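Please open the structure in your viewer and keep the sequence beside it, so that each selection can be followed in both.

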Amino acid sequence: MTISVQGVISRAKGEPVEVTTILVPEPGPGEALVTVQACGVCHTDLHYREGGIGNDYPYLLGHEAAGVVDAVGPGVTDVAPGDFVILNWRAVCGHCRACRRGEPWYCFSTHNATQKMTLEDGTALSPALGIGAFIEKTLVAAGQCTKVDPAIPAATAGLLGCGVMAGIGAAINTGGVTRGKSVAVIGCGGVGDGAIAGAYLAGAHTIIAVDVDDRKLAWAKDFGATHVINSRNTDPVAGIQELTGGNGADVVIEALGRPETYKQAFYARDLAGTVVLVGVPTPEMTLELPLLDVFGRGGALKSSWYGDCLPSRDFPMLVDLHLQGRLPLDKFVSETIGLGDIEEAFAKMGRGEVLRSVVTL
């Protein structure tokens with residue numbers, strides 16, 4: 001049996017998205033059917049539309065979501081109908097070599113729903129990041145559902161499903177930011193501001209936000225930035241060094257995924273400091289650095305996958321911190337929109353007018 005719902009798809013590279021009827025099967029073994037209450041418009045969805053991730057069209061877009069479990073398939077015990085959940089795109093397997101060595105956030109065999117959602121003519125859809133949440137109801141692997149306190153609004157909770165969690169985790173989990181450290185974040189969109197919020201939560205004493213947009217730099221202060229640098233006007237490497245006693249920051253987080261800003265991050269860190277790449281580059285990008293500089297500066301060059309998060313551990317904790325008033329997740333929500341407004345939300349994202357547009361259903 002299938003149900004008929006409305007969702008947003010991308011049919012071909014570069015074409016505008018469209019709202020259409022989608023058929024969703026009832027959950028099979030290990031699967032869950034979730035009523036989507038809210039889903040953030042993430043830059044990754046735009047990457048899918050533009051062909052930057054693959055060519056497996058048509059895509060069912062949306063992945064940064066929260067909602068309520070409608071039904072579960074055989075063998076599902078961790079969630080039940082009625083549970084309020086945040087969806088995640090790294091449902092760990094528990095059996096691969098990363099999981100066995102106690103590092104499930106690196107799981108090399110994450111899983112998604114086995115069954116496919118389809119168009120009315122039977123065309124199978126490729127759900128973005130294995131979720132596909134610009135839809136009234138979506139089918140996911142039960143492990144992609146993390147139960148959290150329903151006191152948090154869905155529009156706020158869903159942001160932990162991708163961008164904000166990626167940023168917070170880049171600072172705390174990957175970058176190892178602790179109290180007393182200095183941190184610089186290059187790129188102050190949703191992920192970058194998540195990293196700033198994470199650094200503030202961890203007790204960093206100096207948090208430097210770098211961007212080319214004064215509006216974004218003002219937003220960064222709302223999440224805990226102690227200093228801001230507009231890199232149109234100031235060399236960011238020199239600026240970060242000046243604000244850190246001439247040394248550079250202990251941790252520099254690059255949230256754009258571009259070679260030129262990665263080089264800035266590399267040279268803006270202190271000796272033996274850490275660079276964290278959480279911005280997602282495109283396939284054609286390359287990086288060239290003098291190998292002697294890589295050796296001579298020491299420290300660590302890391303990439304952060306999904307903030308190296310473990311959803312079952314991190315989502316409930318961060319929701320609790322928000323409900324305690326210690327993590328202002330609601331400030332990431334710039335506007336709430338409908339399914340028909342996603343194309344304009346992409347345009348606003350490109351113009352830097354929003355941190356997050358959130359579809360509410």
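This is a predicted model: local features need pLDDT of at least 70, side-chain atom pairs count only at pLDDT 80 or more; totals for chains, interfaces and linings use all residues.

Residues are numbered from 1 along each chain as its sequence is written, and side-chain values use heavy atoms, with hydrogens and water left out.

Begin by selecting residues 206-211, which form strand β12; helices (H or I, at least four residues) and strands (E, at least two) are DSSP runs, numbered from the N terminus. Six of the six residues of β12 are buried, so the strand is largely enclosed by the rest of the structure; here buried means under 20% relative accessible area, exposed over 50%, and partly exposed in between, with a 1.4 Å probe and protein chains only.

A bridge to look for is the one that links Ser-182 to its partner Thr-206 in β12. If you also show helix α5, residues 190-202, you will have the right-handed β-α-β unit made by β11, α5 and β12. A crossover is called right-handed if, with the strands pointing away from the viewer, the path from the first strand over the helix to the second runs clockwise.

Now select strand β13, residues 227-230, which is parallel to β12 and joined to it by four bridges. Within β13, Asn-230 stands opposite Asp-211. Together with helix α6, residues 214-222, strands β12 and β13 make another right-handed β-α-β unit.

**Backbone features to inspect**

Most residues other than glycine have a negative phi, and most peptide bonds are trans. With that in mind, go to Tyr-57 and Pro-58, where the peptide bond between them is cis, with omega near -5°. Pro-58 lies in the loop between α1 (43-49) and β4 (59-60).

Then move to Leu-129, in the loop between β8 (126-127) and β9 (137-141), where phi is near 50°, a positive value in a residue other than glycine. Leu-129 counts as buried, at 19% relative accessibility. Which residues does Thr-44 touch? Select Thr-44 in helix α1, and you will find Ile-53, His-63 and Leu-129 in contact with it (heavy atoms within 4.5 Å), not counting residues up to four places away in sequence. Thr-44 is buried too, with a relative accessible area of 15%.

Ala-272, in strand β15 (residues 269-277), likewise has a positive phi, near 65°, but at 59% relative accessibility Ala-272 counts as exposed.

**The cavity**

Finally, select Val-41, Ala-345, Met-349, Val-354, Leu-355, Arg-356 and Ser-357, which line the largest cavity. Helix α11 (342-350) and strand β18 (356-360) are the elements that give two or more residues to this lining. A cavity is a set of points, on a 1 Å grid over the protein atoms alone, where a 1.4 Å probe fits but cannot get out, and lining residues have an atom within 4 Å of a point. The volume is about 30 Å³, counted as the space filled by probe spheres set on the points, with grid points joined across faces, edges and corners.

Conventions
On a 1 Å grid over the protein atoms alone, a cavity is a set of points where a 1.4 Å probe fits but cannot get out, and a pocket is an open set with protein on both sides within 12 Å along at least five of seven lines; lining residues have an atom within 4 Å of a point. Contact means heavy atoms within 4.5 Å. Two strands pair if DSSP finds at least two bridges between them.
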